[in-house]
Amino acid sequence: MKKIAIFLSVILSMYIVKAQNPSTLGKDFWVTYMPNAWPSSDGDPNLTLIITSMRNCTGTVSNPNTGWSTSFSVTSGIVTNVTVPLTEAYTRISETITNTGIHVESTDTISCYASNFIDFTFDITNVLPTPTLMEEYLIQTYPSSYECEFAIVATEDNTIVDITLSANSAGGHYADSTFNVTLQRGECYQVLTNAEFSDFSGTRICARNCKKIAVFQGNLCANIPGGACCCDHIVEQSIPTAYWGKKFVVTTSSYRYNDVIRVTALHNNCQVKKDGILLTTLNAGQTHEFTMQNSEDAVYIETTEPACVYLYFTGYDYGGTDGDPASVIINPIEQQINEITFGTFATNYANYHIVNIVTETTHVNNMMLDGTNISNSFTPVAGNPTYSYAKVTISPGSHTLVNTSGGFLAHVYGLGLTESYSYSVGESTIDLNRQLYVNDINASILSNGTFACPNEPITFDAQIEYQYTSIFWYFNDGQFDTGRVVVHQFATPDDYDVTVLIERETHNCFNNFYDTIYTPIHILPIPTHTTNATICPGMLYTFNDSTYTEAGIYIDTIPSTGLCDSIDVLDLSLEDPPMVTHPSSIYCLSDSFAIVYGDGFPTGGFYTDTNGLPMNDSIMYFNGQAGVYPFLYSYIDENGCSDTANFTISVYPEFEQTFFDTICQQNAYNQHDFNLSADNNSISGDFTYTHELTTIYGCDSIITLHLSVSDLPDIEFAPAPERSMLSANEAVQFNNLSDINNHNPYDNYMWLWDFGDGNTEQTTDMSAQHTYGQWGRYLVSLTFTSNYGCDNTISHYVYIDADLEFPNVITPNGDGVNDMFAIKNLNPELPNILTIYNRWGKKVYEMENYQTYAKDEVIYNKENGFAGENLSDGVYFYTFHYVGYAHAVDYHSTLTIIR
């Protein structure tokens, strides 16, 4: 209870006022830019911040780690574009800390969007203000032939971020592994996948100690669906998992044939329904994908656990020539906003700009766009008519959406010839359904709170309609509790503000993912009279015509005409049993025991011996008689309660013990409380050791050890030759150079050869021969074992080379046969360099320490092998320098590529 009290004191000091709902409007933002099909023949990306506001304001965009800064001003209703230099914000490298975090600050609330533009490959994301950032994220990306990617921006120094990947990274981190990185304020850490069609969906990112981080996700250039032309850069800022919801309306894109929808679950057993029909059940981090035809217009998605939903534009040859891949988060219904000013992005390729809007059907009549009522544009969602949607074509520039009676959600997108962008115009975290009931009455209708009497049980019920981790109750009387339904009694008349904190999600620290509910409780004074009494066990106590024999608090209620009855309280206690805490009960034969009245017992009693006779103060010697001596202590306390306490004195003897043992030379010995290191046993012979010890009973003992140390010879051998060619098929002679002249000639001994290739030979001969069937480096060991079981081992390496065999033709057509340049018998541990030239002598490929090789009809290290990527069919020339175990050689030949 003490730990809970301390914890809640800290939490309540942080949330003494109701938390504000985070939204995409703010004054402080962090952003970075991820690779956009870079390097590109269409030039470097143009990095732009799109800023809008409902009021005139100014601000700065800066990189705090490089010193770069620029200022901006925003006019209400007009889009402001700020160009950001590539060197300040473009994060190119995977798994490297970079100073590419951009900080945006303004004098008033703004909406901020980040555009990453190259001709025909470009996307935009809205940027979350710093106060809305959290510490936990779950990534969703799209698997494509180009890399998936995500980037992390730290907003505070010493931010430790734990990353659990769902796919292998380009930097060598593996799927399902967790690693961490420490970032300072404004530093970035980007991660890319290492293979085609890898997917970072389900990757979990969590900053320790409540540190806020910004996370961006997407693809360098995604084909959607896989194989459809053409690819396009996609990017979205990841939404903290605390903001995920369960209800979504997904609207298809105008001027498009179809869209791809992906749903990622936060928790296990998440059922996903589309228009009331179960699509699938997901576990935490899993993603479900389906396609919506343009004819569907809008569907209602509902999940049983929090989830995130993204809409992906498809490639132009799959979804329509006006448009190309882009992504946008579909915000949950629970995160509706009431007003937002946003901007479009003007390019030479965007033919249309459209905003898709979702609102509750009952609020359609109050939906305004740039001051004009657009209620006639809305259509009820077929799968759930509670909601309606509209798809409105808008002009380039700044726009304002307002709903004067309710909330709405919207995303904007632009379409052109093989070009598109899309982003959410804004979102907010609103209070979900939560009600507090006091004694089955909704506290919201109790304008003056609840009145009760002291010690009257009051039932508090927090009825929560959303996912939560835990509920904490603070009763303002020094008491705390947890759980959805709790019962509490207030002992003292007073006015109490009861607070309930609902932890909305599970996180690695406590933060503002708490909803707070308050209700006043008024405890009225009540006349109370308390009687305190103590009795002995077995006695009777009469109180208000009732008798009691057990300790406890007994309450009689005296009826009253007021709200609270008066109370008569009996606080009855029983006399405690004797405290049997004699200072010692274990002795040795040479000790004496002094009897002292009251020694460890309540005063006022007396001792008796084994025969029940009273004992005076005396000293007892045990005179060589070990055993157990019983005593009894009797007393009567000040309350007249009597009792007896039995205790015993245990007497133990001293003793001696002798051990005989044998060990091998240079071995440690750790038995019978002797700790002899290997240095103690460096020479052979017979040795005697003694210990004077104290037993667990405190009695002295002597232990003697007679230890015999058996010797070992020095052993050595030499392989001849140490390095050889497999093609020579020669046997390696192992010459035993061991010196056993000083070894006892009457001892039996054995030699064991381990040739390092799985073959062994046990012999009494000194030397051995062995022929190896495979190239490689082999660790050969020679073990000498004596008849005492003492052994000594020495090891040396031998090196076997094999002639290399090279293919002169490769057919990289993906059929799995002869697809790459695999060198037979190549040892990938030895240095080499492969260089390939075209027939005009131009170098087209070079690799140091080339790893792809064939052995026993198996090709190893395919992922880094040469397969003629980006080269046409034809004849090429190559050189291969190789430093083998036995010799170094240079190979020169031709290679034909045929697909």
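1. A nonpolar core here is a set of buried Ala, Val, Leu, Ile, Met, Phe, Trp, Tyr and Cys residues joined through side-chain atoms within 4.5 Å, where buried means under 20% relative accessible area with a 1.4 Å probe, protein chains only. The largest such core has 68 residues, and Leu49, Phe150, Ile152, Ile163 and Ile205 have the most contacts inside it. Strand 10 (residues 148–154) gives the most to this core, namely six residues; strands are DSSP runs (E, at least two residues), numbered from the N terminus.

2. A word on the source: this is a predicted model, in which local features need pLDDT of at least 70 and side-chain atom pairs count only at pLDDT 80 or more, while totals for chains, interfaces and linings use all residues. Residues are numbered from 1 along each chain as its sequence is written, and side-chain values use heavy atoms, with hydrogens and water left out.

3. Have a look at Phe150. Setting aside residues up to four places away in sequence, Phe150 touches (heavy atoms within 4.5 Å) several residues, among them Met34, Ile163, Tyr189, Ile205 and Phe216. A second, separate core of 26 residues includes Phe345, Val364, Ala390 and Ala410.

4. Five strands form an open, antiparallel sheet in the order 6-13-10-15-16, with pairing taken as at least two DSSP bridges between two strands. Strand 6 (97–98) and strand 16 (232–237) are the edges, each pairing on one side only. Strand 15 (residues 213–222) pairs with strand 16 over five bridges, and Asn219 stands opposite Ile234 in strand 16.

5. Finally, Asn126 lies in strand 8 (residues 121–126). Asn126 counts as buried because its relative accessibility is 2%. Beyond its neighbours within four places in sequence, its contacts include Thr24, Cys112, Glu236 and Tyr423.

Conventions: Buried means under 20% relative accessible area, exposed over 50%, partly exposed in between (1.4 Å probe, protein chains only). Helices (H or I, at least four residues) and strands (E, at least two) are DSSP runs, numbered from the N terminus.
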